[in-house]
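Dear colleague,

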Amino acid sequence: MAPWPELENAQPNPNKFIEGDSDPQSNAAAKNKETSKTDDSGTPVTKIELLPSCSTVVLIEEPAEVNDPWDLPELRDTGIKWSERDTKGKILCIFQGIGKFLLLLGFLYFFVCSLDVLSSAFQLVGGKVAGQFFSNNSIMANPVAGLVIGVLVTVMVQSSSTSSSIVVSMVASSLLTVRAAIPIIMGANIGTSITNTIVALMQAGDRNEFRRAFAGATVHDFFNWLSVLVLLPLEAATHYLEILTNLVVDTFQFKPGEDAPDILKVITDPFTKMIIQLDKKVIQQIAMNDPAAHNQSLVKIWCKTITNVTQMNVTVPSPDNCTSPSYCWTDGIQTWTIQNVTHKENIAKCQHIFVNLNLPDLAVGIILLTVSLLVLCGCLIAIVKLLGSVLKGQVAVVIKKTLNTDFPFPFAWLTGYLAILVGAGMTFIVQSSSVFTSAMTPLIGIGVITIERAYPLTLGSNIGTTTTAILAALASPGSTLRSSLQIALCHFFFNISGILLWYPIPFTRLPIRLAKGLGNISAKYRWFAVFYLIFFFVLTPLTVFGLSLAGWPVLVGVGVPIILLVLLIVCIRMLQSRCPRILPLKLRDWNFLPLCMHSLKPWDNIISLATICLQRRCCCCCRVCCRVCCMVCGCKCCRCSKCCRDLEEGEEEQDIPVKASGAFDNEVMSKECQDEGKSQVEAIGMKAMSDTTVF
């Protein structure tokens, strides 16, 4: 019997097995050496050399690790460690840290100021229209119409305090009842959450950051919408908020007190008042059907005025209209009396930049809207970059643990309630829930705060803004004290009721799951975030308001079938995910519908085609930016343009040759196999197919 052939170590050089190699002499020598080998019995021994595996097929497929997109990223410090720095480097690092901290405070200051100017711009653009929404008292008797009016007005003026103050004035003037004002307050609570959602759009450049930031912003939206869906029908049926607040006001004998502390306004007003000042009483006068207010400008011209009361002789229709019989006389033709006449005298003009320009309110509003959005976007980008450079290494670990770690067992459940108190306290300090939630949004985006921790902070922010309104109501004059306090308490108990619905039991924390789902969709199709804002905060309220103008029968006839259809879809979707067996085969998925009705992919293709001009290799703006960047840095080719960089990376990926996977765990052999060209791999494959046996 012939012995087994010798199996020596396989050589990782594939050139030895390619016919027609560039070194024939070495091949011939190797061949002579192989045939000269014999065993002890004189029988020639055949030697087989195993070829290294250069196949493009993966021999063993290892399961890929699935990364959770909601896991917080590791903010690693890529700079020089503190222990490796010399004395000069340590001093420089300290000054850099101080400089970054001061820059962060400066950008945060301008960020808050831009939010204030943005609110003023919205009031200039749509303030008078918002006042006209309130002027139709018959429509506001409908709770659904009152809800959407509150949403639209707050979106237009970008301030829930402004819309609430209008409602308070109307209730105090008996133009509106407390019962009709409660749905408007609920709508204002929804409308104020659009600000941090707009701020989240500024982080759309990075998909993961945008996913977290948009989910962190919309968790506020979903909490407000879900609370309204449950509490508005409950209030319409039982009027529990009206009864509860009336009982509280009657039980506690509140007296007018001092005004609420304006901590943030003291810092921002000196700067914002140099840009624009508004006369917000004009919106209230329009809401109260004052015809003279329609021609007044919202831009405040005179900041210092004096009101003089003088006695003047005036004519009256008859002696019955005289102030007193002793101050009434006739000259044979007319009846005269003495009345107190109020005369307003202007003393000093305001000092903002639009005081002498005589521009219409719409033009000033558009200018301020554009500038404030640019400043808001620039400050937000700078804040994110600075936080990304500061929150690294051990600092990031400490901050993450402090913000996201629960109390030890068995007190872990108290952590969320402490976060609610912290959110309420911070909002009370800055006097604005929009400022607090908008400042928290970039922190969620870069991964410092989790969505689960941001949710109770947002709920606390809702409570904080109502406590500010209660203090402001206590500072109201005696004539409006009761109405303003009752409305502020309605806002407070509405948010308390929402927290009791959607927070204590973990299963009921639906806003977190809904916000994460919307974040995933918006990260994949970023245009959907803009569609969400327009649809839920503009189109839907306008549609409901238009149907309300047509009357209850039209609103019910159109709204009820839509609501039933939505409920049916939700029920089928839940059954598809949990109990698909009980559904017919056709209803176990949505494939029986056209693709455009159950997938965003066709719509994404349409939007991509519509914006194809923006996806060129280098548009004019990119070329100009690249030229300027290259001139500044002095390089010949600078890949500063993102669209150019993405396209070049795509082309490089297409030109990458097919690389083989190693058959052995030998790194040297695997590297040598991968260094060979694609043509050599194909030659080896052809050789192996033709030579089925090697002797």
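Leu418 is partly exposed, with a relative accessible area of 41% (buried means under 20%, exposed over 50% and partly exposed in between, with a 1.4 Å probe and protein chains only). Leu418 is placed in helix H14, residues 414-430 (helices are DSSP runs of H or I with at least four residues, numbered from the N terminus).

Please note that this is a predicted model, in which local features need pLDDT of at least 70 and side-chain atom pairs count only at pLDDT 80 or more, while totals for chains, interfaces and linings use all residues. Residues are numbered from 1 along each chain as its sequence is written, and side-chain values use heavy atoms, with hydrogens and water left out.

Aromatic pairs

A search of the whole structure finds 20 aromatic pairs (rings of Phe, Tyr and Trp, the last by its six-membered ring, pair if their centres lie within 6.5 Å; planes under 30 degrees apart count as stacked, over 60 as edge-to-face and the rest as tilted). One of them joins Phe110 and Phe271: the ring centres are 5.5 Å apart and the planes are at 80°, so the pair is edge-to-face. Because Phe110 lies in helix H2 (residues 87-135) and Phe271 in helix H10 (residues 263-272), this pair ties together parts that are 161 residues apart in sequence. Phe110 is partly exposed at 36% relative accessible area, and Phe271 is partly exposed at 28%.

Phe214 and Tyr532 also form an edge-to-face pair, with 5.9 Å from centre to centre and 80° between the planes. Phe214 belongs to helix H8 (residues 207-238) and Tyr532 to helix H19 (residues 527-550), so the pair ties together parts that are 318 residues apart in sequence. Both Phe214 and Tyr532 are buried. They belong to one aromatic cluster, whose members include Phe210, Phe222, Trp225 and Trp527.

Charges over rings

Lys349 lies over the face of Trp302, 5.7 Å from the ring centre (this requires NZ of Lys or CZ of Arg within 6 Å of the ring centre and within 35 degrees of the ring normal). The charged end of Arg509 sits over the ring of Tyr503, at 4.1 Å from its centre.

Val178

Val178 lies in helix H6 (residues 178-191) and counts as buried at 14% relative accessibility. Beyond its neighbours within four places in sequence, Val178 is in contact with Val171, Glu242 and Gln486 (contact means heavy atoms within 4.5 Å).

With kind regards

How values were computed:
Helix = DSSP H or I, 4+ residues; strand = E, 2+ residues; numbered from the N terminus.
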